[in-house]
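Welcome, and thanks for taking a look at this one with us. Please keep the sequence and the 3D view open side by side as you read.

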Protein chains: 2
Amino acid sequence: MLFPMSRNPEEPVYNRIEAARISLGLSRQELADKAGVHYQTIGYLEREEYSPSLVLALRIAKALNQEVSELFSLNPIKKGK
Amino acid sequence: MLFPMSRNPEEPVYNRIEAARISLGLSRQELADKAGVHYQTIGYLEREEYSPSLVLALRIAKALNQEVSELFSLNPIKKGK
DNA sequence: GAGTTATGTTGCATTAATGCTACATAGCAT
DNA sequence: ATGCTATGTAGCATTAATGCAACATAACTC
């Protein structure tokens, strides 16, 4: 798989968007609406096909009531919580 | 002044990069090296001429030993603190 | 079966973020 | 005065992030 990812193809960004979204009982469309983006964009992010802009990351974090650092990481997300 | 800013021209991202950098006694060049970006990029960010990618925001936060949410905000940065 | 919802996939167009180069300026040394 | 460092500015090229449309599919309900 390719990692286009920002300006740094070598350093992808991992996230827990899907888990956080599901735990709130939201569909992608609903999260997209709360964050003000296209619903496909949420899909791309959950599949980690690319990493978001900071603006988008901040909006998603707000929509999910999470800290940016809890949702996104430069290191692979550890499974246990 | 214009606000190109990500995909959302209406919603800029504010930051405290300069204050944090100076309090660590770093030049832009040094911070840029630590974050792995061009030194001009730090300048653009400090002047808030555009907002960084999430990857870059995470790297800068790490280089400055700060939380992303402490360095960047969707709301204007309050002076005190 | 028909319809709806949620998701995945592909492709295309636009634009902002970044790198880089060059030049200017100001300050601070020597 | 000469140099060096830090910074601002402008321009150009590249590419990733996003929007959007179209289509497929699976699950579920009626």
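Here is a short briefing, grouped by topic.

This is a predicted model, in which local features need pLDDT of at least 70, side-chain atom pairs count only at pLDDT 80 or more, and totals for chains, interfaces and linings use all residues. Residues are numbered from 1 along each chain as its sequence is written, chains are lettered from A and ligands numbered from 1 in the order in which they are written, and side-chain values use heavy atoms, with hydrogens and water left out.

**Chain A in outline**

- Chain A has five helices and two strands, where helices (H or I, at least four residues) and strands (E, at least two) are DSSP runs numbered from the N terminus.
- Along the sequence, the elements of chain A come in the pattern β-α-α-α-α-α-β.
- Of the 81 residues in chain A, 42% are buried; buried means under 20% relative accessible area, exposed over 50%, and partly exposed in between, with a 1.4 Å probe and protein chains only.
- If you look at contacts (heavy atoms within 4.5 Å) in chain A between residues at least 6 apart in sequence, 58% join residues at least 24 apart.

**How the two chains meet**

- Contacts between the chains involve 19 residues of chain A and 19 residues of chain B.
- About 1600 Å² is buried between chain A and chain B, with carbon and sulfur atoms giving 67% of that area; buried area here is the accessible area (1.4 Å probe) that two parts lose on being put together, summed over both.
- On the chain A side, A:L54, A:V55 and A:L74 lose the most area to chain B, together 34% of what that side buries.

**Around the tyrosines**

- There are two aromatic pairs over all chains, counting rings of Phe, Tyr and Trp (its six-membered ring) whose centres lie within 6.5 Å; planes under 30 degrees apart are stacked, over 60 edge-to-face, and the rest tilted.
- A:Y44 and A:Y50 make a stacked pair, with 5.3 Å from centre to centre and 25 degrees between the planes.
- A:Y44 is partly exposed, at 34% relative accessibility, and A:Y50 is partly exposed as well, at 32%.
- The ring of A:Y44 also has the charged end of A:R47 over it, 5.4 Å from the ring centre; a charge sits over a ring if NZ of Lys or CZ of Arg is within 6 Å of the ring centre and within 35 degrees of the ring normal.
- In chain B, the charged end of B:R47 sits over the ring of B:Y44, 5.3 Å from its centre.
- A:T41, in helix α3 (residues 39–46) of chain A, is buried at 16% relative accessibility.
- Beyond its neighbours within four places in sequence, A:T41 is in contact with A:Y50 and A:L56.
- B:P12, in the segment before β1 (14–15) of chain B, is buried with a relative accessible area of 8%.
- From B:P12 to B:Y50 is 38 residues in sequence, but 7.6 Å in space, C-alpha to C-alpha.

**Helix α2 of chain B**

- In helix α2 (residues 28–35) of chain B, the buried residues are B:L31, B:A32 and B:A35.
- Those residues line one face of the helix, because they fall within an arc of 100 degrees seen down the axis of α2(B); the arc is that of the directions from the helix axis to the C-beta atoms.
- B:D33 and B:K34 are exposed on the other side of α2(B).
- The cover over the buried residues of α2(B) includes α1 (17–23), α3 (39–46) and α4 (54–63) of chain B.
- After α2(B) comes B:G36, with a positive phi near 75 degrees.

**A loop glutamate to check**

- A:E48 is not a glycine, yet its phi is positive, about 55 degrees.
- A:E48 sits in the loop between α3 and α4 (54–63) of chain A and is buried at 19% relative accessibility.
- B:E48, in the loop between α3 and α4 of chain B, has a positive phi near 55 degrees.
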